[in-house]
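I opened this structure for the first time and kept notes as I went. The entries follow the order in which I looked things up.

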Amino acid sequence: DLKDGTYENFSMGMNAPVTVVVTVENGVVSSVTVQDSANEYDAPYVQKVQDEAFLSQFAGLTAAVQEQDIDLVSGATVSGRAVLRAVDLVIDHADQ
């Protein structure tokens, strides 16, 4: 089980970091949010991965996930991969 709490981490997007906030409750990921990008170029792509349909795929996770297990957002592949990497880093940290 993961350690309950709220965690923040980031991974590089196209031009700037993509920051996620992951909440773990009862040993599993309960929610993931993506913070707005301050980078003018990345902002439209980050907005696409802020969609609940994309982020809800992480709910219930207890271990790092592979890219093939997540449906990335069309037109925001790099940002989606950044979210995936950042969530995986949080899970690795919360699993200790």
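I started with a pair of residues: Val-22 has Val-32 in E3 standing opposite. I note at the outset that the model is predicted.

Entry: helix on the sheet. I looked next at what lies against the strands. Helix H3, residues 77-94, packs on the sheet and touches E1, E2 and E3. The direction of H3 makes about 135° with that of E1.

Entry: the sheet as a whole. I asked in what order the three strands of the sheet stand. The order is E1-E2-E3, in an open sheet with antiparallel pairing. Strand E1 (5-12) and strand E3 (28-34) stand at the edges with a single partner strand each, so one side of each has no neighbour in the sheet.

Entry: pairing of E1 and E2. I found eight bridges between E1 and E2, in the antiparallel sense. The two strands form a hairpin, with four residues between them. Within this pairing, Glu-8 stands opposite Val-21 in E2.

Entry: pairing of E2 and E3. Strand E2 covers residues 17-25 and pairs with E3 in the antiparallel sense over six bridges. I then checked how many of the nine residues of E2 are buried. The number is seven, so E2 is largely enclosed by the rest of the structure.

Entry: I went on to the loop between E2 and E3, where Asn-26 has its place. The hairpin of E2 and E3 has two residues between the strands. Phi of Asn-26 is near 55°, a positive value in a residue other than glycine. I set this beside the general rule that most residues other than glycine have a negative phi. Is Asn-26 buried or exposed? Asn-26 is exposed, with a relative accessible area of 71%.

Entry: the core. I looked up the largest nonpolar core and found 27 residues in it. Phe-58 and Val-83 have the most contacts inside this core. The elements that give two or more residues to the core are E2, E3, helix H1 (43-49), helix H2 (52-55) and H3. Which element gives the most to this core? H3 does, with eight residues.

I then listed what Phe-58 touches, not counting residues up to four places away in sequence. The list is Val-29, Val-32, Val-65, Ile-70, Val-83, Leu-84 and Val-87. Val-32, which is on this list, is the residue I began with, opposite Val-22.

Entry: Glu-67 and Arg-81. My last stop was the loop between H2 and H3, where Glu-67 has its place. Glu-67 counts as partly exposed, at 31% relative accessibility. Leaving aside neighbours within four places in sequence, I found Glu-67 in contact with Leu-72, Arg-81 and Leu-84. Leu-84 is also among the residues that Phe-58 touches. What joins the side chains of Glu-67 and Arg-81? A polar contact of 3.0 Å does. Glu-67 and Arg-81 are 14 residues apart in sequence, and their C-alpha atoms are 7.4 Å apart in space.

Technical notes. Residues are numbered from 1 along each chain as its sequence is written. This is a predicted model: local features need pLDDT of at least 70, side-chain atom pairs count only at pLDDT 80 or more; totals for chains, interfaces and linings use all residues. Side-chain values use heavy atoms; hydrogens and water are left out. Two strands pair if DSSP finds at least two bridges between them. Contact means heavy atoms within 4.5 Å. Axes are lines fitted to C-alpha atoms, for helices over the stretch in contact, and angles run from 0 to 180 degrees between N-to-C directions. A nonpolar core is a set of buried Ala, Val, Leu, Ile, Met, Phe, Trp, Tyr and Cys residues joined through side-chain atoms within 4.5 Å. Buried means under 20% relative accessible area, exposed over 50%, partly exposed in between (1.4 Å probe, protein chains only). A polar contact is a pair of N or O atoms within 3.5 Å; within protein, one must be able to donate a hydrogen and the other to accept it, and residues adjacent in sequence count only if both atoms are side-chain atoms.
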